[in-house]
Amino acid sequence: MSSASIPIENATNTGSGQKKSSFIDPGSLMRMKNLELRARAIVEGFLSGLHRSPYHGFSVEFTEYRQYSPGDDPRYLDWKLFARSDRYFIKCFEDETNLRCHLLVDLSRSMTYGTVGYNKADYAKTAAATIAYFLSLQRDAVGLLTFDESIVDLIPPRFRPGHIHQLMMSLERAPTGTATNLEKPLEQVAATVVKRGVVVLISDLLAPIGSLQKNLSYLRTRGHEVILLRVLDPREIDFRFDKPAMFHDIESGRDLYIDPDAARENYLSAFQEHSGAVQTICNQLGIELHPISIDRPLELILFDLLADRMKRGRGSVRQRRPAGGSS
């Protein structure tokens, strides 16, 4: 189970080593009108917490070396160290320099739903802005693709002055679309991105997923690391509505009279079936899925992504190390 699926009162025990009160309340953050200021506040809180957490001492520059063994990928040889020692060493845990990250953000109309004082789109845009701001501090290239039933904005990954501001301005735009079409943005990234990188998809995934496996598989076979952040309102997860009422379908525009007591069992069954299908696809393709309730502190998203990269880095080292190789 992903740490993101742990209830919020326990989530801080799995990645931060801090008490829940040390995080910034998402509702307070959303009252900040400037998206870049929100992202900066979250990243500064995250970096402060990082020094007090089990991740202390980790950075993208951290490297552990071991002696080269036949069969190791020569791309990971440290030639500078060879020049000094006349011995071959492999860099084990160093992340790729000049990381290229593609943020795919769902701005369809279903993302305008929210019962906690803000909506899923606000949370998704803030999460994307936070990841972009954090990676820019590491001098990594970040790109953005926003979509609804079609692609809205496409900004290629870059690291240069003014680029982050351009991303923030794109994210500030309000959702205007109707349905969610996951196929087009995934096809666009798979068709145009040549260099391997990290693809972060931020969506409620409340859409038919028939083509999801095909397009995610295409991304994975091209060598991309794919991470899904599924953002949902708490009421969508537990369907805790008390009284019969008119429900408005945001994407179709229809009004439906629903008795929650009568509909809850069927809704939760369909929701779990859909969620299970998404999880199965991710398990099959080796994709990290993080179901996230939008009342969850945004700092924990960065902790989750950091944990993913640490886990993947160590896994790749074990795969490269042949049986009987020196350590």
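**Close-up 1. Aromatic cluster of Phe239, Phe241, Tyr267 and Phe271.** In this predicted model, these four residues, Phe239, Phe241, Tyr267 and Phe271, make up one aromatic cluster. Rings of Phe, Tyr and Trp (its six-membered ring) are taken to pair if their centres lie within 6.5 Å, with planes under 30 degrees apart called stacked, over 60 edge-to-face and the rest tilted. The model is predicted, and local features need pLDDT of at least 70, side-chain atom pairs count only at pLDDT 80 or more, while totals for chains, interfaces and linings use all residues. Residues are numbered from 1 along each chain as its sequence is written, and side-chain values use heavy atoms, with hydrogens and water left out.

**Close-up 2. The edge-to-face pair of Phe46 and Phe303.** Among the five aromatic pairs that the structure holds, Phe46 and Phe303 are edge-to-face, with 4.8 Å centre to centre and 70° between the planes. This pair links distant parts of the chain, since Phe46 lies in helix α3 (residues 35-50) and Phe303 in helix α11 (residues 299-320), 257 residues apart; helices (H or I, at least four residues) and strands (E, at least two) are DSSP runs, numbered from the N terminus. Phe46 counts as buried at 1% relative accessibility, and Phe303 is buried with a relative accessible area of 2%, where buried means under 20% relative accessible area, exposed over 50% and partly exposed in between (1.4 Å probe, protein chains only).

**Close-up 3. The stacked pair of Tyr267 and Phe271.** The rings of Tyr267 and Phe271 are stacked, at 6.0 Å centre to centre and with 15° between the planes. Because Tyr267 and Phe271 are four residues apart in helix α10 (residues 260-285), about one helical turn separates them. Tyr267 is partly exposed, with a relative accessible area of 27%, whereas Phe271 is buried, with a relative accessible area of 9%.

**Close-up 4. The crossing of helices α7 and α8.** The axes of helix α7 (residues 183-192) and helix α8 (residues 212-221) come within 9 Å and cross at roughly 20°, the axes being lines fitted to C-alpha atoms, for helices over the stretch in contact, with angles running from 0 to 180 degrees between N-to-C directions. On the α7 side the contact (heavy atoms within 4.5 Å) involves residues including Leu186, Val189 and Ala190, and on the α8 side residues including Leu212, Leu216 and Leu219.
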